[in-house]
Amino acid sequence: MRTPIIAGNWKMNNTIKEALTLIDGIKGNELNANVEAVVCVPFTAIKDVKEALNDTNIKLGSQNIHWEDNGAFTGEISGPMLKELGVEYCIIGHSERRQYFNETDDTVNKKVKAALGHGIKPIVCVGESLDQREEGKAEEVVNSQVINGFKGIPSEAIKDIVIAYEPIWAIGTGKTASSDDANAMCSFIRKTIGELYGDEKENIRIQYGGSVKPNNVNELMGKSDIDGALVGGASLKAEDFVKLVNY
Ligand code: PGA
């Protein structure tokens, strides 16, 4: 009943020219219409990629948003600016942004509210570090990221939010969480959403992210609480992205 969602996180990759070449490569293939495919591209490529996606079902996403609509925030991009460009999804609180740009659960929360306020669907990233996992604190960390990230979010919004569980130690490292461990944490996240929002927990989509590739996507997607994948490296190759959407 939850539509699977495979989202590419291009990160800081692809000039406009490179972006259009990648989109062209993807468009040469038939994509499973029962899977929602999203590409989260750099701000600079949004306008051109939007045009290139016009004749497809592929959705467009950004990788960040500011919580204010406008003002003295040099270098930032706001909800109205993204909405104007036709952005439907926005990655919020990716671990790289938490690590390198000081994003916190509080800024994540403000950004989620801003995105929802402009009709943009948030992909909220959570996940523990290797140290935290080894100390047995993974659930505690993820639980507090979810609780704090969702403060004040109304239950009507839950169906429009995607959570991406990305254990930091699995991102870009080639180490994937085992499908059982990934599913266990996704179930735990759904349980947390259930404690906050009751039955809405069945409507929220939860992705796994961290070294998802064509050769492990099937096993991950076969798990009960994994509804999709947030994909970095493999989303930069048209052939791999197509294979992931057509898992
Ligand atoms: P990866 O990145 O697929 O390259 O591990 C995932 C992510 O950071 O979203």
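Let me start in a loop: Asn 102 sits between α4 (95-100) and α5. Helices here are DSSP runs of H or I with at least four residues, strands are runs of E with at least two, and both are numbered from the N terminus. What phi does Asn 102 have? A positive one, about 55°, although Asn 102 is not a glycine. Most residues other than glycine have a negative phi. Asn 102 also counts as exposed, because its relative accessibility is 62%. For the cut-offs, buried is under 20% relative accessible area, exposed is over 50%, and partly exposed is in between, with a 1.4 Å probe and protein chains only.

Before going on, this is a predicted model, where local features need pLDDT of at least 70 and side-chain atom pairs count only at pLDDT 80 or more, while totals for chains, interfaces and linings use all residues. Residues are numbered from 1 along each chain as its sequence is written, and side-chain values use heavy atoms, with hydrogens and water left out.

Asn 14 has a positive phi as well, about 85°, and is not a glycine either. You'll find Asn 14 in the loop between β1 (5-9) and α1 (16-27).

Okay, on to α8, residues 179-197. This helix has 19 residues and reaches 26 Å from its first C-alpha to its last, close to the 27 Å expected at 1.5 Å a residue. That expected span is 1.5 Å times one less than the number of residues. Just past the end of α8, Gly 198 takes a positive phi of about 60°.

What does α8 bury? The list includes Met 185, Cys 186, Phe 188, Ile 189, Thr 192 and Ile 193, and also Arg 190. Around the buried residues of α8 we have β5 (121-126), α6 (130-134), α7 (138-149), β6 (162-165), β7 (205-209) and α9 (217-221), all packing against them.

Let's pick α7 out of that set. The α7 and α8 axes are 10 Å apart and the helices pack at an angle of about 40°. That makes the pair oblique. Axes are lines fitted to C-alpha atoms, for helices over the stretch in contact, and angles run from 0 to 180 degrees between N-to-C directions. Under 35 degrees is roughly parallel, over 145 roughly antiparallel, 65 to 115 roughly perpendicular, and the rest is oblique. The crossing of α7 past α8 is right-handed, which is the case when the near helix is turned clockwise from the far one by less than a right angle, with anticlockwise giving left-handed.

Who meets whom? From α7 it's Ala 138, Glu 139, Val 142, Asn 143, Val 146 and Ile 147, and from α8 it's Met 185, Phe 188, Ile 189, Thr 192, Ile 193 and Leu 196. By class, that contact divides into nine nonpolar, two polar and one charged. Nonpolar covers Ala, Val, Leu, Ile, Met, Phe, Trp, Tyr, Cys and Pro; charged covers Asp, Glu, Lys and Arg; the others, Gly among them, are polar.

Thr 192 of α8 is worth a look here. Thr 192 counts as buried, at 3% relative accessibility. Leaving out residues up to four places away in sequence, Thr 192 touches Asn 143, Val 146 and Ile 147, where contact means heavy atoms within 4.5 Å.

On to another partner of α7: α5, residues 105-117. Here the angle is about 45° and the axes are 8 Å apart, so α5 and α7 are oblique to each other. The crossing is right-handed. Asp 105, Val 108, Asn 109 and Val 112 in α5 meet Ser 144, Gln 145, Asn 148 and Gly 149 in α7. That contact has two nonpolar, five polar and one charged residues.

Next, α10, residues 238-245. Six of its eight residues are buried, so α10 is largely enclosed by the rest of the structure. Its buried residues are Ala 238, Asp 240, Phe 241, Val 242, Leu 244 and Val 245, and they pack against β1, α1, β2 (36-40), α9 and β8 (228-231). With α1, the axes come within 8 Å and cross at roughly 45°. Leu 22, Gly 25 and Ile 26 in α1 meet Ala 238, Phe 241 and Val 242 in α10. By class that's five nonpolar, one polar and no charged residues.

Last stop, Ile 123 in strand β5. Ile 123 counts as buried, at 0% relative accessibility. Beyond four places in sequence, its contacts include Ala 7, Cys 40, Tyr 89, Val 162, Gln 207 and Leu 230.
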